[in-house]
Every structure is written in C-alpha cells, then in structure tokens.
Amino acid sequence: MRHSTPNRTNDKDKNKKIDMRYFKPICLIAALLSLVAMTSCDKPAPIPHSEKIALTYQIIDGYWQLTHLQGEPISADTYLYIEFDRTQHRYTMWDNMDSMYVTKTTGTFAISEQDGTYTLSGTYDYGVGVWNNKYIVELPDEDSMLWRSQGENYEVMEFVRIDNIPELN
C-alpha cells in the first residue's frame, strides 16, 4: 500500500490562485473609491488673508507724503514730504507743520523687526539728537504706510508714496 503524501505544490498554487482571485477586485474597488473621493469633494476655498508686508529699506525707499494725522486729513496748506534713501539709510524731510515756511530736516533712519512688528527710528543731523518717538510701521500695500508712535505723545500718521517732491515755496 502506497501512502499518498499531500501535494504541497498544489496547495501553494491553490492559495496563490485564491489570492489573485481577490487581488483584482480589491484593486478595482480601491481605484473607484479614490476616484469618487477626488471628484465628489470640492477643494475648500482658501481663506483670504492679508499678508503682512515687511518693512524693508527697499520698500521704504523713495518719496512719501503725509496725508492724515491722528486719523484726520491734513489741511491743504500744510505738508510734510519725506525722502528715504535705502542705500545710505538717510532721509530728507520738508514740512511746514510748525511754521508757514518750509523746514528741511535731514538725518539717518533705522528699521528693526521683532516678532513680525516693524519699528522705524531715526536721528537728526547736526547734533540735534534722536527722534522724539519710535514708530511702529504697517504697510497696507507698497504705496502706503501707517506710523504709530511708541512714545509719550501718541501720534498716528498715514503716508502715501509719490513720484517726486513738488516745488516748495
């Protein structure tokens, strides 16, 4: 009598066939679920956010005109113009805020940043000293600036970029 031994090769082939029999339907179901997931859901609309514009020497470079002081427009016969030179970190300011005549002031300025807040400070030429205040500066866009003083005399000043300084009398 001959003993029959189980045919291990046939059992392995049988298991492979069973695995292959389920493999194709599983892949098909996975592909269909992926397709449904990608087409049935709309991408969420991005939430609009205003990116804060960094105050840099390149951004501030050029001519600026004061338009509002303490939230109020300045009068038509009053002016303050300022030119910032990014390469020398110098400024020249022309104003008649305290006089009926033009006053020209020059000096240096510096920009600092801490935790995303930008501060503008400066000194006057000819040994006059430092500015009375440091200013926190925000840029709603590259052509406007909002200055808020950090000193005792709280000031809010709004500036707009201009092409050049008009001829002053």
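Leaving aside its neighbours within four places in sequence, which residues is S112 in contact with? S112 is in contact with T117, Y118 and T119. Contact here means heavy atoms within 4.5 Å.

This is a predicted model, in which local features need pLDDT of at least 70 and side-chain atom pairs count only at pLDDT 80 or more, while totals for chains, interfaces and linings use all residues. Residues are numbered from 1 along each chain as its sequence is written, and side-chain values use heavy atoms, with hydrogens and water left out.

**Overall layout**

The protein has two helices and 10 strands. These are DSSP runs numbered from the N terminus: helices are H or I with at least four residues, strands are E with at least two. From the N terminus on, the order is α-α-β-β-β-β-β-β-β-β-β-β. Of the 169 residues, 26% count as buried. Buried means under 20% relative accessible area, exposed means over 50%, and partly exposed lies in between (1.4 Å probe, protein chains only). The protein exposes about 12,900 Å², and carbon and sulfur atoms supply 54% of that area. Accessible areas come from the Shrake-Rupley method with a 1.4 Å probe; for residues, only the protein chains shown count as cover. Take the contacts between residues at least 6 apart in sequence: 37% of them join residues at least 24 apart.

**Back to S112**

S112 sits in strand β5 (residues 103–114). Its relative accessible area is 39%, so S112 counts as partly exposed. I136 is 24 residues away along the chain, and the C-alpha atoms of S112 and I136 are separated by 9.6 Å.

**Nonpolar cores**

A nonpolar core is a set of buried Ala, Val, Leu, Ile, Met, Phe, Trp, Tyr and Cys residues joined through side-chain atoms within 4.5 Å. The largest such core holds 24 residues. Within this core, I60, F84, F109, L120, M145, W147 and F159 touch the most other members. A second, separate core has five residues, including Y81, W94, I162 and I165. Beyond its neighbours within four places in sequence, I60 is in contact with L55, F84, F109, I111, L120 and M145.

D95 belongs to strand β4 (residues 90–95). D95 is buried yet has no salt bridge. The nearest side chain of opposite charge, K104, is 12 Å away. For charge, Lys and Arg count as positive and Asp and Glu as negative; His and the chain ends are not counted. The D95 side chain does reach the backbone nitrogen of M97, at 3.0 Å. Neighbours within four places aside, D95 is in contact with Y79, L80, Y101, V102 and T103.

D125 lies in the loop between β6 (117–124) and β7 (129–130). With a relative accessible area of 18%, D125 is buried. The side chains of D125 and T106 make a polar contact at 2.7 Å. A polar contact is a pair of N or O atoms within 3.5 Å; within protein, one must be able to donate a hydrogen and the other to accept it, and residues adjacent in sequence count only if both atoms are side-chain atoms. Neighbours within four places aside, D125 is in contact with R90, T106 and G107.

**Salt bridges**

A salt bridge is a side-chain nitrogen of Lys or Arg within 4 Å of a carboxyl oxygen of Asp or Glu. By this rule there are four salt bridges. The table gives three of them.

| Pair | N to O distance |
|---|---|
| D61 and R86 | 3.9 Å |
| R148 and E138 | 3.1 Å |
| D143 and R161 | 3.0 Å |

D61 and R86 meet in a salt bridge. D61 lies in the loop between α2 (57–60) and β1 (62–69), and R86 in the loop between β3 (80–85) and β4, so the pair ties together parts 25 residues apart in sequence. D61 is partly exposed at 25% relative accessible area, and R86 is partly exposed at 37%.

R148 and E138 also meet in a salt bridge. This pair links distant parts of the chain: R148 in strand β9 (residues 144–149) and E138 in strand β8 (residues 135–141), 10 residues apart. R148 is partly exposed, with a relative accessible area of 29%. E138 is partly exposed too, at 35%.

D143 forms a salt bridge with R161. D143 is in the loop between β8 and β9 and R161 in strand β10 (residues 156–162), 18 residues apart, so this pair too links distant parts of the chain. D143 counts as partly exposed at 46% relative accessibility, and R161 is partly exposed at 26%.
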